[in-house]
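Me: I'd like to learn how to read a ligand site in a structure file. Could you walk me through one?

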Amino acid sequence: MNRLSDQQVEQIARELAGRLGRGTSPTLPASSPYGSAGGSAAPLPVFPVTSLPVGGDGVFETVDQCVAAARRAFNELAGMSLSKREEIIAAYRAAMREQGADLARQAWQETGLGRYEDKVIKNRLVTDKTPGTEALKPDATSGDHGLTLTEWAPFGVIGAITPTTNPTSTVICNTIGMVAAGNAVVFNAHPSARRSSLATVRALNAAAASVGAPPNLVTAVAQPTIESATQVMTHKGINLLVVTGGPGVVKAAMQSGKRAVCAGPGNPPAVVDETADLAKAGRDIVTGAGFDNNVICVDEKQCFVTAPAADKLLESMRAANAYIATQAEMRRLEKHIFSEIRGPRQHGTINKDLVGKNPEVILALIGVKVGPECRLIACEVAEDHPLVWSEQLMPVLPVVRVGNVARAIELARESEHGFGHSASMHSRDIDALSRMARVINTSIFVKNAPIVAGLGAGGEGFTSFTIASPTGEGLTTARSFSRQRRCVMVDHFRIV
Ligand code: NAD
């Protein structure tokens, strides 16, 4: 697999950790035409509206056209060798290493969510650490009755629905995994991330064409809407659905009657107890919860800390460039964060205008001025505060002080809503760590690090930006987009 070198992984970890104390990332030059950290509520620079050429580069007006072009590409790819497929994946990676930063800029400008420099890191991560064909290791069993071989075959044409929060990263990640498995793809991007998603599809097709891949291996609907997503979900030419988004799209995919790989919402808790390295825990939580202004599904969304550790943790978060809001400030902030509060322990309706914005933009609404170095707003709240139970997708972290670690783990489990998505714990108590690992039952559980380490950013392992908890695939790879096929040779081909 084309992995990040140790040096590159260290670089990513340094960039994640190195933000602490700095306003802008080292990946964003001071003279950048794109300004410093993103997520401003001020009008964003307008991304030049290019007319969308239709048809030659994977982008088509209708779902029918996308499916037909992808089907042709799939049939052609089926006649090509595995090594050609590997050449195509290598071409995708090379192109995305070159163009990933520009596509990140386009995503940031178009959606107004998150931070440019964090989107650069996300694109680089999926480019280098999404597994390719190596995830398709065949399985062989031999015995007195011969040899049985199991291999991973493509489904055909996959319908992929992608989110606004990681638009370019999801298209890159899905393309590498799905084409590695021998499929072609029809993307229906989030309408708010249409241009940057289509630009990514075009760039991937151009890269593939340069090594002789069939045209339109990945296609995209030119004007994606919920209606076109519904057409993709019900089109008879689509063999598998892969959806990445909130509860609505997961429900729709599951009701479509097709096989669906569903990556849904999360509400990842972080638990901290008094045995933890509290200076590091505070830094890690600010890094994780502040990453891309908290729009990533794995970012820490609420924190439960034992009483003896609470003051030190909040102090270390402050030292790591979190703004610790007072209770009075929080009561004023709530009015901006929620457009509707539905009561204790209920998911409130989040004010979409603040999703993915920088802390200084959010705090300015209540007259508090902080500099661009501020990565996160944290505030101590009661356990039934709606922020604890809501996926806020903004850099505002509720912190709940609890009596003991058992209670912290129980509240973490409840506040995760059974999504089975992601969680973390900061502790040196191996009994408590083991208990949380069992109880929390998430696809990703990270100990003593930001949860993004579970995506391979500063932790070991491959990455995926489609973490399919509801349907059980977890971090998806080429294997998740494949069918198992078995071939049996009776009484022969065992060589021992
Ligand atoms: P969203 O659900 O609003 O949109 C996701 C995609 O689904 C978009 O393309 C949208 O057009 C489409 N869609 C939405 N409702 C639909 C419906 N009823 N029928 C057909 N298509 C529909 O989500 P978003 O705001 O783009 O992304 C944020 C959400 O996605 C968060 O909840 C986050 O946790 C989740 N997410 C999960 C993962 C994961 O890997 N599990 C990754 C990224 C984002």
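This is a predicted model: local features need pLDDT of at least 70, side-chain atom pairs count only at pLDDT 80 or more; totals for chains, interfaces and linings use all residues.

Me: How many Å separate a backbone N or O atom of Gly246 from an oxygen atom of the ligand?

Reply: A polar contact is a pair of N or O atoms within 3.5 Å. For Gly246, a backbone N or O atom is 2.8 Å from a ligand oxygen atom. Thr164 also uses a backbone N or O atom, at 2.7 Å from an oxygen of the ligand. With Glu391 the side chain takes part: one of its N or O atoms lies 2.5 Å from a ligand oxygen.

Me: How much of the ligand does the protein bury?

Reply: Taken alone, the ligand exposes 840 Å², and the protein buries 86% of that area. As for its location, the ligand sits in the largest pocket.

Me: Which elements give two or more residues to the shell around the ligand?

Reply: Those are α7 (226–234) and α8 (247–254). On the domain level, domain 1 (47–264 + 473–485) and domain 2 (269–461) each supply at least three residues to the shell.

Me: What classes of residue make up the shell around the ligand?

Reply: In all, 29 residues surround the ligand, with Thr162, Thr164, Gly246, Glu391 and Ile467 the closest. By class, the shell holds 14 nonpolar, 14 polar and one charged residues.

Definitions and conventions:
Residues are numbered from 1 along each chain as its sequence is written. Side-chain values use heavy atoms; hydrogens and water are left out. A residue is near a molecule or strand if one of its heavy atoms lies within 4 Å of it. A polar contact is a pair of N or O atoms within 3.5 Å; within protein, one must be able to donate a hydrogen and the other to accept it, and residues adjacent in sequence count only if both atoms are side-chain atoms. Accessible areas come from the Shrake-Rupley method with a 1.4 Å probe; for residues, only the protein chains shown count as cover. On a 1 Å grid over the protein atoms alone, a cavity is a set of points where a 1.4 Å probe fits but cannot get out, and a pocket is an open set with protein on both sides within 12 Å along at least five of seven lines; lining residues have an atom within 4 Å of a point. A molecule sits in a cavity or pocket if more than half of its atoms lie within 2 Å of its grid points. Helices (H or I, at least four residues) and strands (E, at least two) are DSSP runs, numbered from the N terminus. Ala, Val, Leu, Ile, Met, Phe, Trp, Tyr, Cys and Pro count as nonpolar, Asp, Glu, Lys and Arg as charged, and the others, Gly among them, as polar. Domain bounds come from an automatic or database domain assignment.
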